[in-house]
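Visitor: Hi, I have a model open and would like a hand reading it. Could you walk me through a few spots?

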Amino acid sequence: MHLYSSKRARRSLFDTAFYRTISQAATMLGYVVMVRGMTEQAFGVFNLLYAVVPVMSALASFGVDNVLQRYQPEYIASRQYTTAAWLVRFISRARLGANLVVLTFVLAAWHMIMPTFKLDPYRAEFLAFSGITLLFFQIRVLDVSLASHMLHKYSVGGYAILAVIKLVGYVFFTLTHRLTLQTAIATDTVASALAFAFMYLAHRRFCELPPGTFPEPPSREEKKRLLRYGLFYNFNDVGTLALSSGVANFFVAAFMDTARVGTFSFYTRLSGMVDKALPTSLFQNVIRPVFFATPRADAPVKIPKYFTLLINMSLLLTAPITAYAAIYHREIVDVVFGGKFREDSLLLPMVLAFVTIKIVSTPVALAAQYEEKALTVLLSKVFGLVSLAGMFLLIPILGVYGAALATGGSDFLKELFIWWSTRRTARWTNFGPAMASTAVCWGGFYVACSVLKSHLTVAPLVHLVIGAALCLAVAAVYARTPVLCASDRAILGSVLKGKESRWLKLVGLVT
């Protein structure tokens, strides 16, 4: 069976859906436990420490992650297995070495840098957190490599192990009244180490070359191709840094305090969980190898279909979630999170609206990577300067809302810029019908729920239940509208044609 056949893709979709469901559920429950169990100050510092991860991702990048994502599927598809193995080994070692250099520099310059961000007293905690950082990037290399071999049972399963162990640790320390910054770091370190061990053993068993075969570097010309692509993405990753919510945390800390970092992180992490639940994120490691393995001759026909399907499937989820949060944001915070960070609950629908706008992000990035338009992606990072300027101007005036506007708005402009350069293949073929269906269905839902909410005096939990019931009813209608076009339904039907096809027909995704 061909590695990137529809049967293998179907198997990977099921494995990904199963383990991602476990991972997302455990992550969400763990987040609820953490928010309820930690003080706002400790929660803010914990999120500031995690904001170091995207900083290191950019500063120690050299574009290696993108090189692995882009070229390993190509090498495997063309049966260049020794070159694919060399690429994984080289990138794993390069990542580890670069991360150690950056961590050493940060620790050496700690007392010069961190007082600005109110982190100066937490050097010991950062030193302990460094283990999580190193493991995070090694896990990501294994994840990409396992996914390139269509072994999503192990790549996604590793993240499920990570999330479940975190949940168990948070629950234990909360029940014993010991969930602090230090115990949270210890929990995440143990979880990361076990997840890495699981993925490493799986990679060693299923992805290693046969005995007597050794990794071989590519030709000189091919190395130049990899180097050129990696260098562009190195600068691209630095530009991405300015657009991330992690860097926004540092600005909030500098202009405000670590407790407000907790507020901003609380809502942006909720939006991040929604983003990770979208098909474009959930099945990205399945989509990416199939996308990049598309023959050039088929690209003008297949790429627009893939592009449209990815956007429409994400829109099916983000539209109802954003509409629901726009009405019930305060009730969600009160019931689920015990009212913590309630005063800024309007931030929830705001950040979710940007998640809805960002559904084009992954499809656009895939199209640009497929066409090897690394320079275009690099140039788009000029909007990182817009984000930085926006945070300087808006955070002092609007606080955490200003941080959300600056990062979300500049990110949208960046995606629009990349799409413009790939618009010939990255075409959203049913843009008009999809937008019309979304406006009618969820605009009507918003109006109906607003009327019910204003006329019913009941407990917040009752409002949430009523709204959820109406949301499901509207979603059932929405799935049958032109939000999905004929090619979307055809692709879903061709890949998911087993017993699950009955359920897809029942919910209206295929005909």
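Guide: Happy to; below we talk through a helix, a loop residue and a surface patch. Keep in mind that this is a predicted model.

Visitor: Let's start with helix 21. How many residues does it have, and how far does it reach?

Guide: Helix 21 covers residues 431-455, which is 25 residues. From first C-alpha to last it reaches 36 Å, close to the 36 Å expected at 1.5 Å a residue.

Visitor: Which of the residues in helix 21 are buried?

Guide: Ala434, Ser437, Thr438, Cys441, Trp442, Phe445 and Cys449 are buried there.

Visitor: And what do those buried residues pack against?

Guide: They pack against helix 15 (299-337) and helix 22 (460-478).

Visitor: Moving on, where is threonine 425?

Guide: Threonine 425 sits in the loop between helix 20 (400-421) and helix 21.

Visitor: Is threonine 425 buried or exposed?

Guide: Buried: its relative accessible area is 16%, and the cut-off for buried is under 20%.

Visitor: What is threonine 425 in contact with, leaving aside neighbours within four places in sequence?

Guide: Threonine 425 is then in contact with Ile303, Pro304 and Glu371.

Visitor: New topic, the surface. Which residues make the nonpolar patch?

Guide: Ile357, Val386, Phe412, Leu413 and Leu416 make a nonpolar surface patch of about 380 Å². Helix 20 gives the largest share of that patch, with 3 residues.

Definitions and conventions
Residues numbered from 1 in each chain as written. Predicted model: local features only at pLDDT ≥ 70, side-chain atom pairs only at ≥ 80, totals over all residues. Heavy atoms only, no water. Helix = DSSP H or I, 4+ residues; strand = E, 2+ residues; numbered from the N terminus. Expected span 1.5 Å × (residues − 1). Buried < 20%, exposed > 50% of the residue type's maximum accessible area, 1.4 Å probe, protein only. Contact = heavy atoms within 4.5 Å. Patch = residues over 30% accessible without salt bridge, like charges linked within 9 Å, V, L, I, M, F, W, Y side chains within 5 Å. Areas by Shrake-Rupley, 256 points an atom, 1.4 Å probe, with all protein chains shown as cover. Salt bridge = Lys/Arg side-chain N within 4 Å of Asp/Glu carboxyl O.
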